[in-house]
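I wrote down each thing as I looked it up.

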Amino acid sequence: MNRTVLLIEDNEQNRYLAAFLLERHGYRVVAAADGPAGIALARAGGHDLILLDIQLPGMDGHAVARALREIAALRAVPIVAVTSYAMVGDREKSLAAGCTGYIEKPINPETFVAEIETYLRDAVPRPPCPES
Ligand code: MN
């Protein structure tokens, strides 16, 4: 069964690159362009990991992470923040908001999937979806 990543990212090019790299390694990617859409998808379940851009229009990634952590079914799902090096304090705020870890933007295509996999390795496998 392929692992599924929920990608919450407003920038189309960033979304394309992350999805491209993950899909090339056999992951299934479900994408949302803003926080509320991402939360709605997350509630539906079935994701092994959530990749969360912090700089989102409207509801920022920290607020999204806090909202996701309030959903009991998502407590064990790793949330990896994508933080901008230029934004001082983003990492600390991301962890305080409930993210499991962070990766730095711009993402490095050479190491991106390996970084994601370190978070999946430590995660508890999710129960299989009835429909899959
Ligand atoms: Mn963004």
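Predicted model: local features only at pLDDT ≥ 70, side-chain atom pairs only at ≥ 80, totals over all residues.

Gln 55 gives its O atom to the manganese ion, and Asp 10 and Asp 53 each coordinate the ion through OD, at 2.0 to 2.2 Å. Is Asp 53 buried or exposed? I found a relative accessible area of 2%, so Asp 53 counts as buried, because the limit for that class is under 20%. I also wrote down the spacing of the donor residues in sequence, which is D-x42-D-x1-Q.

Entry 2, the sheet. I then traced the strands and found an open sheet of 5 strands, in the order β2-β1-β3-β4-β5, with parallel pairing. The strands at the edges are β2 (28–32) and β5, and each has a single partner strand, so one side of each has no neighbour in the sheet. From one strand to the next I recorded a twist that averages 25 degrees. Looking at one pair in detail, I saw that β4 (residues 79–84) and β5 are joined in the parallel sense over 5 bridges, and that Val 80 has Gly 101 in β5 as its bridge partner.

I followed helix α1 (residues 12–24) across β1 (4–8), β2 and β5, and its direction makes an angle of about 165 degrees with β2. Helix α3 (residues 61–69) lies across β1, β3 (49–53) and β4, running at about 155 degrees to β3.

Which residues have the most contacts inside the largest nonpolar core? This core has 19 residues, and the ones I was looking for are Ile 8, Ile 50, Leu 52, Val 64 and Leu 68. Two or more residues come from each of β1, α2 (35–44), β3, α3 and β4, and α3 gives the most, with 3 residues. I looked up Val 64 and, leaving aside neighbours within four places in sequence, found contacts that include Ile 8, Ile 39, Leu 52 and Met 59. There is also a second, separate core of 18 residues, with Leu 49, Ile 103, Val 113 and Leu 120 among them.

Terms used. Residues numbered from 1 in each chain as written. Heavy atoms only, no water. Pairing = 2+ DSSP bridges. Helix = DSSP H or I, 4+ residues; strand = E, 2+ residues; numbered from the N terminus. Axes fitted to C-alpha atoms, helices over the stretch in contact; angles between N-to-C directions. Contact = heavy atoms within 4.5 Å. Core = buried A, V, L, I, M, F, W, Y, C linked by side-chain atoms within 4.5 Å. Buried < 20%, exposed > 50% of the residue type's maximum accessible area, 1.4 Å probe, protein only. Donors = N, O, S within 2.8 Å, 3.2 Å for Na, K, Ca; no water.
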